[in-house]
Amino acid sequence: MYMFPMLNGANFKLWKENVKIVLGCMDLDNALRTEKSTSTQENPNTDKIEKWEHSNRMCLIIMKRSVPEAFRGSIVETTDAKLFLKELEQYFARNEKAEIGQTLSKLINMRYKGKET
């Protein structure tokens, strides 16, 4: 079984792409692609609901296994795989913007220290 690299903050986009590929190849990405079916008296949808719940549970297990505890503590605890992935995406988008701001600030404040000719 192919396992993707551990999430480290700098590799979120690659990590997310690998997660989707691996879960798709394993046919476990149903919870990431669809909403949970609802049950009615006319249409109980028990097979669809069970398949979605299995997919959701496996997605969460696999994703959480590759996310360090330090990051998991910053993410809202959820039992929905799609929401967990969305929360991670928002967390890393905020951090990426802050990091870009810091880098731009450093570049703006740099001074040329080379030799004049």
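A salt bridge here is a side-chain nitrogen of Lys or Arg within 4 Å of a carboxyl oxygen of Asp or Glu. You're looking at a predicted model, where local features need pLDDT of at least 70 and side-chain atom pairs count only at pLDDT 80 or more, while totals for chains, interfaces and linings use all residues. Residues are numbered from 1 along each chain as its sequence is written, and side-chain values use heavy atoms, with hydrogens and water left out.

**Exercise 1. Get your bearings**

Task: Work out how many helices and strands the protein chain has.

Solution: Start with the rule: helices (H or I, at least four residues) and strands (E, at least two) are DSSP runs, numbered from the N terminus. Apply it, and the chain comes out with five helices and zero strands. Read from the N terminus on, the order is α-α-α-α-α.

Next, check burial. Buried means under 20% relative accessible area, exposed over 50%, and partly exposed in between (1.4 Å probe, protein chains only). Of the 117 residues in the protein chain, 31% are buried.

**Exercise 2. Follow the salt bridges**

Task: Find how many salt bridges there are, and say where the partners of the Lys 82 and Glu 35 pair sit.

Solution: Begin with the idea that side chains of opposite charge can pair when their charged atoms come close. The count comes to five salt bridges.

Take Lys 82 and Glu 35, whose side chains meet at 2.9 Å, N to O. This pair links distant parts of the chain: Lys 82 is in helix H5, Glu 35 is in the loop between H2 and H3, and they're 47 residues apart. Glu 35 counts as exposed at 61% relative accessibility, whereas Lys 82 is partly exposed at 28%.

Now move to Glu 53 and Lys 36, another salt bridge at 2.9 Å, N to O. Glu 53 lies in helix H3 and Lys 36 in the loop between H2 and H3, so the pair ties together parts that are 17 residues apart in sequence. Both are partly exposed: Glu 53 at 34% and Lys 36 at 41%.

While you're there, look at Ser 37, which lies in the loop between H2 and helix H3 (46-65). Ser 37 is partly exposed, with a relative accessible area of 23%.

**Exercise 3. One lysine, two contacts**

Task: Name the salt-bridge partner of Lys 64 and the ring whose face Lys 64 lies over.

Solution: First, the salt bridge: Lys 64 meets Glu 77 at 2.8 Å, N to O. Glu 77 sits in the loop between helix H4 (69-72) and H5, Lys 64 in helix H3, and the two are 13 residues apart. Glu 77 is exposed, with a relative accessible area of 64%.

Second, the ring. A charge sits over a ring if NZ of Lys or CZ of Arg is within 6 Å of the ring centre and within 35 degrees of the ring normal. Lys 64 lies over the face of Phe 84, at 5.7 Å from the ring centre.

**Exercise 4. Cysteines**

Task: Decide how many disulfides the structure has, and whether Cys 25 is buried or exposed.

Solution: Use the cut-off: a disulfide is a pair of cysteine sulfur atoms within 2.5 Å. A search of the whole structure turns up zero disulfides. Then compare accessibilities: Cys 25 is exposed at 66%, whereas Cys 59 is buried at 0%.
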